[in-house]
Amino acid sequence: MADSETSPSSNMGNSNKRTWRSEAWDWLKTLIAAFAVVLIVHFFVFNLSTVEGHSMEPTLVDNEWLFVNKFVYLVGKPKVGDVVILKEPDEGSGDKKFLVKRIIGVPGDRIEIYDNQLYRNGELVTENYIDTSIEGMNYGPSVVEEGRYFVMGDNRHLQASLDSRIFGTVPRSLIQGRADYILWPYHKIRGL
């Protein structure tokens, strides 16, 4: 009888070990799956970005948080007027920064700046998102090459924005996503 009484308790101990290992394995699988989903969402769907600097004023100001839609460019192409996040095209720098700029010209567009005004395909562009005429030198005319985009910051004051007037057009591969919303500070939440 004594043997039969100890036998169930030892079986119960083995059952607890299997349950613990099984539960730990289930947790590990769940964590791996969650991590994979987070990575997929981060690299292919959306992420958050913080504005640093003044090149997009008055539209965006320093320290605002942006919701960046990456998925939109997996299924479509950047369009004129899109506010985009792109890798800095300067090949000389080792540590590349991300820039926020507005698409001004798409492949085939002829861009020209003269008399402090922007012209696309020979027509004056009305830019209701800027607060000054374009300061500085004339540019172009220049035709945007296939697979490339002409970008500018909304701050058109002299030397306020590092953009295509300085580094030229940017390849599609450098454009990371479209900034769709300002998420922070909360009183400035709005679509772009």
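How many salt bridges does a search of the whole structure find, and where do the side chains of E64 and K188, D154 and R102, and R156 and E127 lie in the chain?

Reply: This is a predicted model, in which local features need pLDDT of at least 70 and side-chain atom pairs count only at pLDDT 80 or more, while totals for chains, interfaces and linings use all residues. Residues are numbered from 1 along each chain as its sequence is written, and side-chain values use heavy atoms, leaving out hydrogens and water.

Across the whole structure the search finds seven salt bridges (a side-chain nitrogen of Lys or Arg within 4 Å of a carboxyl oxygen of Asp or Glu). One of them joins the side chains of E64 and K188, with 3.5 Å from N to O. E64 sits in the loop between β1 and β2, whereas K188 sits in the loop between β11 and β12 (190–191), so this pair ties together parts that are 124 residues apart in sequence. These labels follow DSSP runs numbered from the N terminus (helices are H or I, at least four residues; strands are E, at least two). E64 is buried, at a relative accessible area of 3%, while K188, at 32%, is partly exposed (buried means under 20% relative accessible area, exposed over 50%, partly exposed in between, with a 1.4 Å probe and protein chains only).

A second pair is D154 and R102, whose side chains meet at 2.7 Å from N to O. Because D154 belongs to the loop between β9 and α3 (164–167) and R102 to strand β4, the pair ties together parts 52 residues apart in sequence. D154 counts as buried at 0% relative accessibility, and R102 is buried too, with a relative accessible area of 8%.

A further salt bridge links R156 with E127, their closest N and O atoms being 2.8 Å apart. Here R156 lies in the loop between β9 and α3, and E127 in the loop between β7 (123–124) and β8 (139–143), 29 residues away, which makes this a link between distant parts of the chain. R156 is buried at 0% relative accessibility, and E127 is buried with a relative accessible area of 10%.

Strand β4 (residues 98–105), which holds R102, is joined to β9 by three bridges, and the two run antiparallel (strands pair if DSSP finds at least two bridges between them). In this pairing G105 stands opposite F150 of β9. Four of the five residues of β9 (residues 148–152) are buried, so this strand is largely enclosed by the rest of the structure.
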